[in-house]
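Before you read my points, please open the structure beside the sequence and keep both in view.

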Amino acid sequence: MVHKQFYTLEVASVRKTTEDCTVVSFKIDDSLRELFQYHCGQHLTLKTTINGKEVRRSYSLCSSPLDNKWEVAVKKIDDGLFSTYLNEQLKSGDRLEVMPPSGRFFIESDASQAKNYAAFAAGSGITPVISIIKTHLIQEPGATFKLFYVNRHVGSIILKEEIEALKNYFLERFEVFYFLTQEERDVPLLNGRLTEEKLDTLFNRVVDREVISDYFLCGPEAMIFMIRNYLTNINVPEKNIHFELFTSESGAQKVKKAIMTSANGHDNCEVTILEGGKSFKFSLPQGSNTILDSALQKSADLPFACKGGVCCTCRAKLLEGKVDMAVHYGLEQDEIDNGYILTCQSIPLSEKVVVDFDH
Ligand code: FES
């Protein structure tokens, strides 16, 4: 059972890691500890009201579950309502609504294996990645990790102290390569963003394709897809490429396109939503909206965060009918095969659809 309701948590501490990045640590009461247990790489969905408007966002946990801490690192983005609030106003003792950890950006640790891993991250993409690195290095005494991390300049590297501390502690098992896009250094390979040519060089000189078992990618869509395609082209099996996007611009565009092209001759679709043991029915004009947005407009209280096909919070099972799902980055293939959909991305294609959020 996935817990998709919000709980009120107290902020234990708020600390700056760079000028525009804040680490928020939550207090978890004993009664909520089990519910808030998490895997490295998972995220929390936060909700609050800013200027009278409800705002929710998902942020990856940058702490490791082994730390017995619940910390998210939030980088302030231009015009980012929630990230500005967290960076400029939030203080310890404040309360926020928080959904228990979720997300599938992880693999299980196995102490009996000596696996070699590589991670590619950009900017705040480091937040789930540092949790993954720390957890695997601690839980798998034979594991190694190589991290390739892109930032604008040295001052903008978030969690740099934590990365360096890990590097010093796991001297033999953890290597970091910082790439800077707005600061020149002596090694040309490390100047500028990651490109296919740079990946060629890295795979010729520092990454042995034959020994790396799993790759973790987190950052902007264009970078993630470029690296994912590169890895696929050098025959890394898809099951060994794990990625998490910040947001998906193409997801929003594809939803719009899907809405425009979804009319199939039926005037209305009868939508039934099963949630929290209750059922809720409404009629949705063909081609007008996604299942999630139309249900929210009818005042349904459904779980969601990114609305971009990334966080998976709006996942539900399609019990009846047919939908067009614009993107499904957060879903595994076996979930899709088993009828799971992202309701923020799904446009009904049949006269009737039944969607179950309780699965
Ligand atoms: S709300 Fe994030 S995937 Fe739908």
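1. The centres of domain 2 and domain 3, taken over C-alpha atoms, lie 34 Å apart. The assignment, which is automatic or taken from a database, gives domain 1 as 7-102, domain 2 as 116-245 and domain 3 as 249-356. Residues are numbered from 1 along each chain as its sequence is written. Please bear in mind that this is a predicted model, in which local features need pLDDT of at least 70 and side-chain atom pairs count only at pLDDT 80 or more, while totals for chains, interfaces and linings use all residues.

2. Along its principal axes the C-alpha trace of the protein chain spans about 65 × 50 × 40 Å. Of its 359 residues, 40% count as buried, a residue being buried if 20 or more other C-beta atoms, placed from the backbone, lie within 10 Å of its own.

3. Helix H3 (residues 126-139) deserves a look, because 12 of its 14 residues are buried and it is thus largely enclosed by the rest of the structure; helices here are DSSP runs (H or I) of at least four residues, numbered from the N terminus. Among the buried residues of H3 are Val129, Ile133 and His136.

4. Leaving aside neighbours within four places in sequence, Ala119 is in contact (C-beta atoms, placed from the backbone, within 7 Å) with Val129, Ile133, Phe145, Leu147 and Phe216. Ala119, Val129, Ile133 and Phe145 are also among the residues with the most contacts inside the largest nonpolar core, which has 88 residues; such a core is a set of buried Ala, Val, Leu, Ile, Met, Phe, Trp, Tyr and Cys residues joined through C-beta atoms within 7 Å.

Note on methods. Two residues are in contact if their C-beta atoms, placed from the backbone, lie within 7 Å. Helices (H or I, at least four residues) and strands (E, at least two) are DSSP runs, numbered from the N terminus.
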